[in-house]
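Please look through the structure shown here slowly, chain by chain, and keep the sequence beside it as you read.

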Amino acid sequence: MAKYSMHLLVCGGTGCRSAHSAKITENFKNELDASNLSETIQVIETGCFGFCEKGPIVKIMPDNTFYTQVKPEDIKEIVAEHLIKGRKVTRLLYIDPEKKEKIEDSKHMGFYRKQLRIALRNCGFIDPENIDEYIAREGYEALGRCLAEMTPQDVINIVKESGLRGRGGGGFPTGLKWEFASKYQADQKYVVCNADEGDPGAFMDRSILEGDPHSVIEAMAICGYAIGATKGLVYIRAEYPLAIKRLQIAIKQAREYGLLGKNILGSNFEFDIELRYGAGAFVCGEETALIHSMEGLRGEPTVKPPFPAESGYWGKPTNVNNVETFANIPVIILKGGKWFRSIGTEKSPGTKVFALAGKINNVGLIEVPMGITLREVIFEIGGGIKDGKKFKAVQTGGPSGGCLTEKHLDTPIEFDTLIAAGSMMGSGGMIVMDEDDCMVAVAKFYLEFTVEESCGKCAPCRIGNKRLHETLEKICKGNGTREDIELLQNMSRVIKDTALCGLGQTSPNPVLSTIDNFWDEYIEHVDQKKCRAGVCKDLMQYVIRAENCVGCTACARVCPVGAISGERKSVHKIDPAICIKCGACIEKCKFDAIFIQ
Amino acid sequence: MTKVKSLADLRKMKEELQNKVHLREKGDNAESLVQIRVGMGTSGIASGAKEIFNFFVEELEKRNIEAVVTQTGDMGYNFAEPTVEVTLPGKDPIVFGNVTTQKADKIIECYIKNGELVEGILPENYDKIDNK
């Protein structure tokens, strides 16, 4: 085998790929061939590095050089300068946003310093399409140990001891779930991996499957051994083509090595995995709806109990866990439940992966110990708010979560504290908002989503959410009253109490939490018909400042609907009845004479 | 592909495959390992730095010494190329000049293994900005 002295890690996650990282890999290979370096330098396409904001990422090992926003045409220079002459291409290095210094070594980046990567341990480190690299990182060792040295109950005990809680949103203890499923007797049981990641702005599960698919396969097999199942199913949305492809490759390789199939590692244990594709309905993230969807039925939830552990897929005992939950399992088996418990907080041990999105400098994927504060995540890892604007709120938990504000910034992040603060962990989406975001409009956005995604089975969710959305729409249009706010609150409580599944029970959360935390903004909308962020178009009025207007007619000429009138060299006027608030006049005016009221 | 038949098989495989990712793992904890930087500017390469670089990579591996070997730009000691900077864990870096393969061998045997200094150390003739 060739002896490599340098590894070039090119990010092959969906984000970087859409910025031509595949071309970067190809260019590297060609350039290395041309310079006779392909024997000594290896190019590896990895999963997501998490630093999606500055993608595509190229990391050079062993010197830890971290190049950001690399373009295919930069490759020639990197090869000629860095790889041949040892001089780093400084213009591609990451610049610390605070100190304005170029950072040569990725270990000194604020983005990585506070992270602890367990579920993402191999993302951005190994080639996800090569099982050998996973095995070299102690892959399948945990499965091997379970089969050779432990009883199924031992495995369940370790998971119970670790205190791992479901990372998909609910936070139910994983070990208990496994134990329930193991207690039921049946001729066939199933292990299901829930990869139906539906929160807007969330991409944790996709990144794990793209960057380290074997960790999930191994964990599913371990779960199969623990609960006595021989079949595994991954329910994944069809809109994740790269994750599907890498999962398929990984399953094929695992079968070829005999790590899936009959007599795994010389034991009597048999396990195999198949994929099931979802059409991308949000409600199918709910486990009963997911199971129905896999059975070919409509993706509608049913009342629990019976829980899937008793009667799930085709009426058989079924254990459903989320991708990230599974990704933690092999490490827990290898290092023990006590070790896992030592990380994070007492009630929420371990780490959590978050997808940072919105008005934040470092958009990307991070993994942090539970108990870290929102402030650390947003300002230290996330690098603060974009363009020096002021932080307003962070939305956690997706459409089921709520908005947290300035006063929550020092709250430690864990399942229970987030619920106490009126939001929830959810699957780990974090959308950061700044002063330019209108909270009424944000609540309306989430309701729009839940109205669209409601399966329609139960009335509170089908009708109630629609009414909530209409009321919010009314407020945003400037027709709201104080009674409407009260109506929103009452209706929200009723929906929460009466909806059938998690979708409806949590969908009013964005409304309630924005009313709680941004009461002033709601009042402004209904009393003064004002939107301070300037988002609700119907509440805005374009007005000409008489003392600044010189009558140049530039605005009147650019107005697409002829709403501006006035004689040459005299003050102009905008007719609010005609104005469509497109903003064209403001851009055109050189005298700062038009403003929004 | 052959099947992996037991846990022992899997472990053996892991040992064999280790070197695939070992380089990356070493880079992750470079501070605790011997770090060697070979000056590979134009004059370094012209004086045979590439050969020295390869020598270090291969020999350290053969002699089972955990080390991170990287290349760097011109270090400024052009009168004494090829130049090699060696940093033992917790110690200040030392630069050796006029390194041949024989001398590289000596550096490994004496300095890296036993901490004994070898002839040809170049005095530090500049301050780094981090110390200012």
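The term pLDDT stands for the predictor's confidence in each residue, on a scale from 0 to 100. Chain A averages a pLDDT of 91, and 100% of its residues score at least 70. This is a predicted model, in which local features need pLDDT of at least 70 and side-chain atom pairs count only at pLDDT 80 or more, while totals for chains, interfaces and linings use all residues. Residues are numbered from 1 along each chain as its sequence is written, and chains are lettered from A and ligands numbered from 1 in the order in which they are written.

Helices (H or I, at least four residues) and strands (E, at least two) are DSSP runs, numbered from the N terminus. In chain A, confidence is lowest in strand 6 (residues 102–103), with a mean of 80, and highest in helix 10 (residues 213–227), with 97.

Staying with chain A, consider how two of its helices pack. Helix 2 (residues 21–34) of chain A and helix 3 (residues 75–85) of chain A pack at an angle of about 45°, with their axes 9 Å apart; axes are lines fitted to C-alpha atoms, for helices over the stretch in contact, and angles run from 0 to 180 degrees between N-to-C directions. That angle makes helix 2 of chain A oblique to helix 3 of chain A, since angles under 35 degrees count as roughly parallel, over 145 as roughly antiparallel, 65 to 115 as roughly perpendicular and the rest as oblique. Two residues are in contact if their C-beta atoms, placed from the backbone, lie within 7 Å, and here A:Ile24, A:Asn27, A:Phe28, A:Glu31 and A:Leu32 in helix 2 of chain A meet A:Ile75, A:Lys76 and A:Val79 in helix 3 of chain A.

Turning to chain B, we find 4 helices and 5 strands, and from the N terminus on its elements run α-β-α-α-β-β-β-α-β. The C-alpha trace of chain B spans about 60 × 35 × 25 Å along its principal axes. Among contacts in chain B between residues at least 6 apart in sequence, 60% join residues at least 24 apart.

Finally, where do the chains touch? The contact takes 30 residues from chain A and 29 residues from chain B. On the side of chain B that touches chain A, helix 1 (7–28), helix 3 (49–62) and strand 2 (67–72) of chain B each supply at least two residues, and helix 1 of chain B gives the most, with 12 residues.
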